[in-house]
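Let's take a walk through this one together. Keep the fold in view and follow along as we go.

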Amino acid sequence: MSLEKYIKEYSEETLIFDEGDLGDKMYIVKEGTIRIELNVKNSNDENEIKILGKLEKGEFFGEMALIDDSSRSARAVSETHSQLVLLNKNRFYKLIESSPEFAIKIVRKISTRLKEANERMREVAKLKKESKILHFLVEFIFETGVDNVL
């Protein structure tokens, strides 16, 4: 299957898709850099953009929406002028059927991303634990007085 006819160009800082959008295609980076971002609430309950990663030539994104028919879980922005190969669900499954190498690459990348997500969750859990300890210490100091602690 020749993928050249499915190439689309994106200018620098162009939104490719937004979090929550319907996912009807995946993308393979042919040229450029793509930034994957997540909109989160910070401690002041304000929206903040967190960068999850940057993808370059040969890497892909957006496949989860094709696999599980879900909406986009993050947003993708072309950080630089980029060329992307667009695969709709039909082309994606045809490529998986005709190219075991492609299928294995998809599975390996999903596995890597899951491991990375698990590691991030581990770090968040650790921070929550440290935050609870800090909260307990602050309460203890206020209840007993600074002089009694020092």
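A polar contact here is a pair of N or O atoms within 3.5 Å; within protein, one must be able to donate a hydrogen and the other to accept it, and residues adjacent in sequence count only if both atoms are side-chain atoms. Helices (H or I, at least four residues) and strands (E, at least two) are DSSP runs, numbered from the N terminus. What you're looking at is a predicted model, where local features need pLDDT of at least 70 and side-chain atom pairs count only at pLDDT 80 or more, while totals for chains, interfaces and linings use all residues. Residues are numbered from 1 along each chain as its sequence is written, and side-chain values use heavy atoms, with hydrogens and water left out.

Start with the overall layout. The chain has 4 helices and 8 strands, and their order along the sequence is β-β-β-β-β-β-α-β-β-α-α-α. Of its 150 residues, 26% are buried (under 20% relative accessible area; exposed is over 50%, partly exposed in between, with a 1.4 Å probe and protein chains only). Taking contacts as heavy atoms within 4.5 Å, residues 24 or more positions apart make up 73% of those with a separation of 6 or more.

Now to helix α2, residues 89–98. Asparagine 88 caps its N-terminal end, with a side-chain oxygen 3.2 Å from the backbone nitrogen of asparagine 90. The buried residues of α2 are Arg91, Phe92 and Leu95. Looking down the helix axis, these fall within an arc of 105°, so they line one face of α2; the arc is that of the directions from the axis to the C-beta atoms.

Next, the charged pairs. Side chains of opposite charge can pair when their charged atoms come close. Counting a salt bridge as a side-chain nitrogen of Lys or Arg within 4 Å of a carboxyl oxygen of Asp or Glu, the total is 12. Take lysine 54 and glutamate 79, whose closest N and O atoms are 3.1 Å apart. This pair links distant parts of the chain: lysine 54 is in strand β5 (residues 47–55), and glutamate 79 is in the loop between β7 (75–78) and β8 (82–88), 25 residues apart. Both belong to a salt-bridge network that also includes Glu13, Asp18, Arg35, Glu37 and Arg75.

Another salt bridge joins glutamate 59 to lysine 109 at 3.7 Å, N to O. Here, too, distant parts of the chain are linked, with glutamate 59 in the loop between β5 and β6 (60–61) and lysine 109 in helix α3, 50 residues apart. Glutamate 59 is partly exposed at 24% relative accessible area, and lysine 109 is partly exposed at 23%.

Which loop holds arginine 72? Arginine 72 is in the one between α1 (63–68) and β7, and counts as buried because its relative accessibility is 6%. Its side chain reaches the backbone oxygen of glycine 62 at 3.0 Å. Not counting residues up to four places away in sequence, arginine 72 touches several others, among them Phe17, Asp18, Tyr27 and Ala65. Leucine 22 is also touched by arginine 72; the two are 50 residues apart along the chain, yet their C-alpha atoms are separated by 6.3 Å.
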